[in-house]
Amino acid sequence: MINFAAPRLQSGSFNSPFDEALILKNKSQEIEPFLSGRCIYLVGMMGSGKTTIGKVLSQVLSYNFCDSDSLVEEDVGTSVAEIFKLYGEGFFREKETEMLRRLSRMHRMVVSTGGGAVIRPVNWRHMQQGISVWLDVPLEALARRIAAVGTHSRPLLHDESGDAYTKALTRLSNLLEERSESYAYANARVSLEEIAAKLGYRDVSHISPTAIAIEALEQIEGFLKEEDGMAFGTL
């Protein structure tokens, strides 16, 4: 039975970057032994920050980090955008599944998955070897992020018309409608809107990666407690 010795730290209880870093360190030390080396899979829409948050989590947990899209690119020898163009989405999805199958055999990894990885049930079977975390970011914030860096590297956005923000928002809305039920299969959910409410922010863009990583560990902790058959209020 899990027995977390350290006191539970609420992600809304800090005010400075130093406090954030300390809370993140304490929380990681608190739950790392109970992860038993299982991989953490970050799922979510394109632009949700999976790579950024994944690197923060991997560093604080002393895990390795990898991006499944990057692994596919290395295997094929070209970018995801070019893979879609040359071979089609079906080819890419097969390669993505193969990478997740390989990763499911590993330990102590934080994996940033592609936005569409959740749509194939076989991918969930691989990710169930570890712990999956959904980074749930409002569509408007996602569209702003993607528009700011351009849509050229996002093959699923190429067919939309309009300015970069409108193009991103339109396509993201359709994609989320298709994928939201699949994202909900994740073991834990990190809602940026809920984090913003806790911290008193009106805009989720003000939330630091460290604060998001703290919330991710909080939600993983909650999953571990449920998995162990314990009520939340007993620790």
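This is a predicted model: local features need pLDDT of at least 70, side-chain atom pairs count only at pLDDT 80 or more; totals for chains, interfaces and linings use all residues.
Q: How many salt bridges does the structure hold?
A: Side chains of opposite charge can pair when their charged atoms come close. The cut-off here is a side-chain nitrogen of Lys or Arg within 4 Å of a carboxyl oxygen of Asp or Glu. By that rule the structure holds 16 salt bridges. One of them joins Glu98 to Arg101, with the closest N and O atoms 2.5 Å apart.

Q: Where do Glu98 and Arg101 lie?
A: Helices are DSSP runs (H or I, at least four residues), strands likewise (E, at least two), and they're numbered from the N terminus. Glu98 and Arg101 both lie in helix α5, three residues apart, or about one turn of the helix.

Q: Which salt bridge does Asp203 form?
A: Asp203 pairs with Arg144, the closest N and O atoms being 3.5 Å apart. Asp203 lies in the loop between α9 (192-199) and α10, and Arg144 in helix α7 (residues 139-149), so the pair ties together parts that are 59 residues apart in sequence. Asp203 is partly exposed at 25% relative accessibility, and Arg144 is partly exposed at 40%.

Q: What about Lys225 and Glu221?
A: Their side chains meet in a salt bridge at 3.8 Å, N to O. Both lie in helix α10, four residues apart, about one turn of the helix, and both Lys225 and Glu221 are buried. Salt bridges that share partners join Lys27, Glu30, Glu218, Glu221 and Lys225 into one network.

Q: How many residues of α10 are buried?
A: 14 of its 19 residues are, so α10 is largely enclosed by the rest of the structure. The helix spans residues 209-227 and reaches 27 Å from its first C-alpha to its last, close to the 27 Å expected. That expected span is 1.5 Å times one less than the number of residues.

Q: How many aromatic pairs are there?
A: Rings of Phe, Tyr and Trp (its six-membered ring) pair if their centres lie within 6.5 Å; planes under 30 degrees apart count as stacked, over 60 as edge-to-face and the rest as tilted. The count comes to four aromatic pairs. Among them, Phe84 and Phe92 are tilted, at 5.2 Å centre to centre and 45° between the planes, and both are buried.

Q: Why is the Trp124 and Tyr185 pair called edge-to-face?
A: Because their planes are at 70°, with ring centres 6.0 Å apart. Trp124 lies in helix α6 (residues 121-127) and Tyr185 in the loop between α8 (164-183) and β5 (188-191), so the pair ties together parts that are 61 residues apart in sequence. Trp124 counts as buried at 7% relative accessibility, whereas Tyr185 is exposed at 59%.

Technical notes. Residues are numbered from 1 along each chain as its sequence is written. Side-chain values use heavy atoms; hydrogens and water are left out. Buried means under 20% relative accessible area, exposed over 50%, partly exposed in between (1.4 Å probe, protein chains only).
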